[in-house]
Amino acid sequence: MTPDSAGGGLLVLVLMAIVLSSTGAVPVPGPLGLLSDAKDCHMAQFKAVSPQAMQAFKQAKDALEAWLLLQDSRCSSRLFPRAWDLRQLQVWERREALQAELALTLKVLGTLTHSTLADVLDQPLHTLHHVHSQLQACASTQPTAAPRPRSRRLSAWLKRLLEASRKESPGCLQASVTSHLFRLLTRDLRCVAGGDPCA
């Protein structure tokens, strides 16, 4: 099994666990093993992303877009629907949606760390890993309760991400997460960090 296929299989397992967790069918694991040092929940720190971090993400996005012009990035479907807006979800669903976004983004961009983009992606990936570990820490500190049913909207979004991770080409996935990167940072992350209401 190649590293890419192994990583792809892990991402599918992560997204399947997210999709199935509300039924109680399977427990949600710590995706990508990022929780080894995360013990406390500190999502409020992400209400505002630092200018230095935003600049690092801008440089990474610009480099990715230039690199993608040389790749086959055609998609058979839109990975992130136009209606993807965490404000439309219940407060408790937003964190789950962001977790799925991050899992896919980390997997897709992580496949490029051995390319010419490695240096420019290093700091953004470090930041995204930190956010992901904090999401997992927050989930682990929540009181144990009976699973709550998901809304149709969240279920449809998670299903779309799961199917895309299986069916779409690497170029499509890379183009999709690149175009979605600033929306994840400036809207979805801030929405989750800010609690209810988020604007």
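Colleague: Happy to start with Arg 87: is Arg 87 buried, partly exposed or exposed?
Modeller: This is a predicted model, where local features need pLDDT of at least 70, side-chain atom pairs count only at pLDDT 80 or more, and totals for chains, interfaces and linings use all residues. Residues are numbered from 1 along each chain as its sequence is written, and side-chain values use heavy atoms, leaving out hydrogens and water. Buried means under 20% relative accessible area, exposed over 50%, and partly exposed in between (1.4 Å probe, protein chains only). Since Arg 87 has 43% relative accessibility, Arg 87 counts as partly exposed.

Colleague: Thanks! Which residue meets Arg 87 in a salt bridge at 2.8 Å?
Modeller: A salt bridge here is a side-chain nitrogen of Lys or Arg within 4 Å of a carboxyl oxygen of Asp or Glu. Arg 87 also belongs to a salt-bridge network with Asp 85 and Arg 187. The partner at 2.8 Å, N to O, is Asp 85.

Colleague: And how far apart are the closest N and O atoms of Lys 61 and Glu 65?
Modeller: Both lie in helix 2, 4 residues apart, about one turn of the helix; helices are DSSP runs (H or I, at least four residues), numbered from the N terminus. Lys 61 counts as buried at 16% relative accessibility, while Glu 65 is partly exposed at 35%. Their salt bridge has its closest N and O atoms apart by 2.5 Å.

Colleague: Which element has the highest mean pLDDT?
Modeller: pLDDT is the predictor's confidence in each residue, from 0 to 100. Helix 1 (residues 3–20) has the lowest mean, 47. The highest, 93, belongs to helix 2 (residues 51–68).

Technical notes: Helices (H or I, at least four residues) and strands (E, at least two) are DSSP runs, numbered from the N terminus.
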